[in-house]
Every structure is written in C-alpha cells, then in structure tokens.
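Reader: I am new to protein models and would like to learn how to read one. Could you walk me through it, one feature at a time?

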Amino acid sequence: MTSVETEAPPGTVGTFVRELRERHPDLEVLAPGSGTTRYRYDAATAKGAAAEAGHPGPAVVLPVNAEQVQAAVRLAAGLGFSVVPRGAGTGLSGGASAGEDQVVVSTEKMAAVVEISPLDEVAVVEPGLINAELNARLKPYGLFYAPDPASYDISSIGGNIATNAGGLRCAKYGVTRESILALDVVLADGSLVTVGHRSIKGVTGLDLTSLFVGSEGILGIVVRATVRLRPIPVARKTVTVFFDSTAEGAAGLAAITLSPVRPAAIEFFDTPSLANIDRHSGSELRGRGAALILIELDGYGIEEQAADLAAALTARGGRVTAETDDDGIRLWELRRNGRGLPEGQWYIGEDIAVPKSQLPKVYEAFPALEARFGVNISAVSHAGDGNLHPLITKDIGPGDDPAQPPAALADAATELVRVALALGGTVTGEHGVGTIKQEWAALELSGRIRQAQHAIKASLDPHGLLNPGKAI
C-alpha cells in the first residue's frame, strides 16, 4: 500500500512519518494520504465514508513487535501527536476512527501465537491474532478460547480486549475479561509494562488487568496477552424452541434460568428479526414460529441436559427440537451472519444490556416507542446475559435525503437507552462507548464517576495522547 505524499511542513504529522522512517528504517510507516483512507474508520463509522470522500487518511504505523510500538509511541509523544490504537478495524462504536492529523498504530501484523501451555491451560498471543485463528491453533491440543463475538472470524484478540468483547458463549463462559490473565502494555510515554499474572489466582495490588480490558485504547496499547483456555467440550447440541409470539418467547426465557441446565449460549430472536433473516438468507424460520430461542448445550450428560431443558420449555408453551449437527451449524451461521442491513431505510443499531430477568420488559417497550417516534424496532439478544442488539429503522420517503436521518430516529434510540437504564441496565453490553455512545454513557455514569475515570486516564496518559475523545 502506498500513500500520496508531499513534503511535510514542520509540525505536521508528516514530520512524524519522516523522522520515524529515518530512525527506524525497518519499521513500516505509511504517510497520510489516499492510501490510508480506510484507517479513518472502523466498522461503525465506515458507513459515513462516502460523505467524507476525498479526505486523506491518517499516518499509519505497522509494527511487528513491542519494541516498534514503543518507538512509534515515544516519537509521537515527543512531537505531540495523538495515537489511535487499532486492531482489525471491526469495532462497532467508532473507537478506532482517526483523523488525518493523527497517528494510527495498527497491530494487524503482530499476530503470533507465542506459546500454548496445555498443563497451565493458557496461551500467550499477540494482539493482531484473529479470534478464529487462535481456536484453530488450539484445536489439536483439545483446548479452546471461550470468548466468541459474532465477528470472531474477522476480529482480533487485541480488539476484543479493548472492548471487553462478549459474544454468544457469555452465558456460560463470561466475557473477554474472564479469560485474560495478564497483559503486556505500551503506555503513552512509550514504556512497556506487564500487568496480571500467569496463575489463575493472584490478588497482589490493584487489578490493573481488568482496568485495561475494555479501556478502548485510551490507557495503553496491548502488545501481548496471556489468555485462559478451557477443554473443548466432549459434546455439543443445538436446541431450538419456537413460540407463537415475541412476548411468549421472551417470557419463556425464565424457564431456562429456573432449570438446572446452564447452556453455553442462549440467543433470542423476535418476530421481525426472524423475518429479516428469512428475507436475507432464504431460510424459513418464520414458518416455524414467531419467536425463537436458539440454545447450545455442551459438556457431559448432554442428553440429560436436553431432556431437562425440553421439559421446562415445553411447559412454557415452547416447541422444542434437538437439531441435527448439520442443522445446528446452519442455525448458528444464520445467527452470526444471517441478518441483512435495512434497504431504503435509515437505521441505528444499539447494544444495550439489562438484568436478564428484565428482557421481556424491554421487548414490551417496543410498540409504544414505535408509535411515539414513527419507527420500527426489533432485537436479537444474547439472552443468557441480558444483552440486546436492537435495530431501529425508519423508511426513507420520496424526496428525503438518505444522508440526513430525522431526529426521531436518534430520539427513539435515546429513549430505548433510558428504558434499559431504568431497568438496571447499561448503554453498552459489549461494543464499547467509542465516539458514538458518549452522550448515552453520560446518562449512565455520575459526574463523580466520570471525574474518577478521567483521573485514571490522566495518571497513565497525562497529555491525553492515546485515543483522545474516545470511551470517556
């Protein structure tokens, strides 16, 4: 990849590019220009790229080891340029978006599996490693890395750490934070520190590992991670449960919690979401019911688990089917990639979470919000942990400017956030705050807590050079 380059005036980011190349000729550095435009955006902000056509991208550094990350950060700090850490660019909150006057440090070329230790049940990996690739490398050892965001085949471990990514298996195995034991991190001054420990237990000092997980690159750049592994389950089974309405399906979720069974994944689809998947993927889910609970069981005694679960859900009016292995694979693929983006509509996607007992109340709130704001709302949920992904849409009428969504769309999204907060929930369950959700985060976090977060940021990055304007 090359960028259109011109001689940089003193004090511009081009100065950084020139000096870094001179000091470290083995380090790949891309000058700002048309060749780096894709680094302006992540998956959430890329849809606005057309409106900014012609804008040059940022300077981009592509290190292959921690020392090169340190060199780039030290020089940027010395020259006063802000640094945007970036993984695979698949984020959904604007956390990796960058301007032409910034330096992107992309870890995409730091993708090694440094170590796999079956006896310790840990792996040491670099941040650019793709989630799915890690599990492919672990399979011969009979181990797996549990966090599995829907983007597992394109998202990086470093990005997953930055957002504390969740995914489908959170119901049983927890989010990314529960699988991170230690991190090597480059701080804003270019120093390299290690937080955490290789052992499963360890309570020495403050838990800085958990602090860095989910910090969206504002505290440091992860250059190595020690991750916890688990044995691949001896068996897996997919179970579907269809209901005659969204309300009945949402209410039926309680039967799972009250049963003795703890599934690895519990996904809930309302009526519009099933119709969307059918339109986009040619499936026939809607013909089987108006709401679906999709469940993955794993481990020993799987037939007993399935029987207990079937009894509990049948009693709630569900139509329970133990799917074949092939049908199970197809259903999970539909969950991950089966939905299509709206056509001829403005839309906003959300990432709210509530205590899982409150999920039915969120779905109950949709009709009133639809009537009030003139929108349509649907949601697929990680029902095992109360994380919803609502989709709010409004038709683009004749004469409307597709680039100018009406205020009612954002107003409906904000009101849905308020519903989640009133039920004891949060504005983001797994995608992070980034740039997109900061106004919503202000509804959740008190002034004193926001002050404390900024104080923590200042203690590690006193000049505010790492990913400014993001997360907090």
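Author: Gladly, and let us begin with contacts. A contact means heavy atoms within 4.5 Å. Leaving aside residues up to four places away in sequence, serine 155 touches Ala88, Thr90, Leu129, Ile130, Asn131, Pro149 and Asn160. Residues are numbered from 1 along each chain as its sequence is written. This is a predicted model, where local features need pLDDT of at least 70, side-chain atom pairs count only at pLDDT 80 or more, and totals for chains, interfaces and linings use all residues; side-chain values use heavy atoms, with hydrogens and water left out.

Reader: Where is serine 155 found, and is serine 155 buried or exposed?

Author: Helices (H or I, at least four residues) and strands (E, at least two) are DSSP runs, numbered from the N terminus. Serine 155 is in the loop between S7 and H4. Buried means under 20% relative accessible area, exposed over 50%, and partly exposed in between (1.4 Å probe, protein chains only). With a relative accessible area of 2%, serine 155 is buried.

Reader: Which residues of helix H3 are buried?

Author: Helix H3 covers residues 131-138, and its buried residues are Asn131, Leu134, Asn135 and Leu138. Seen down the axis of H3, these fall within an arc of 95°, so they line one face of the helix. The arc is that of the directions from the helix axis to the C-beta atoms. The buried residues of H3 pack against strand S5 (113-117), strand S6 (122-125), S7, helix H4 (157-163) and strand S10 (221-228).

Reader: How many aromatic pairs does the structure hold?

Author: First, the idea: rings of Phe, Tyr and Trp (its six-membered ring) pair if their centres lie within 6.5 Å; planes under 30 degrees apart count as stacked, over 60 as edge-to-face and the rest as tilted. The structure holds three such pairs. In one, the rings of phenylalanine 144 and tyrosine 173 have centres 5.5 Å apart and planes at 90°, so the pair is edge-to-face. This pair links distant parts of the chain, with phenylalanine 144 in strand S7 (residues 143-144) and tyrosine 173 in helix H5 (residues 170-173), 29 residues apart. Both phenylalanine 144 and tyrosine 173 are buried.

Another edge-to-face pair is formed by phenylalanine 268 and tyrosine 363, at 5.2 Å centre to centre and 85° between the planes. Phenylalanine 268 belongs to strand S13 (residues 265-269) and tyrosine 363 to helix H11 (residues 359-373), so the pair ties together parts that are 95 residues apart in sequence. Ring pairs also link Phe268, Tyr363 and Phe366 into a cluster.

Reader: Which residue lies over the face of phenylalanine 144?

Author: A charge sits over a ring if NZ of Lys or CZ of Arg is within 6 Å of the ring centre and within 35 degrees of the ring normal. Here arginine 236 lies over phenylalanine 144, at 5.5 Å from the ring centre.

Reader: What is phi of glutamate 216 near?

Author: Most residues other than glycine have a negative phi. Glutamate 216 has a phi near 60°, a positive value in a residue other than glycine. Glutamate 216 sits in the loop between helix H6 (208-212) and S10, and is buried at a relative accessible area of 9%.

Reader: And how many helices and strands does the protein chain have?

Author: The protein chain has 14 helices and 18 strands. Buried residues make up 52% of its 472 residues.
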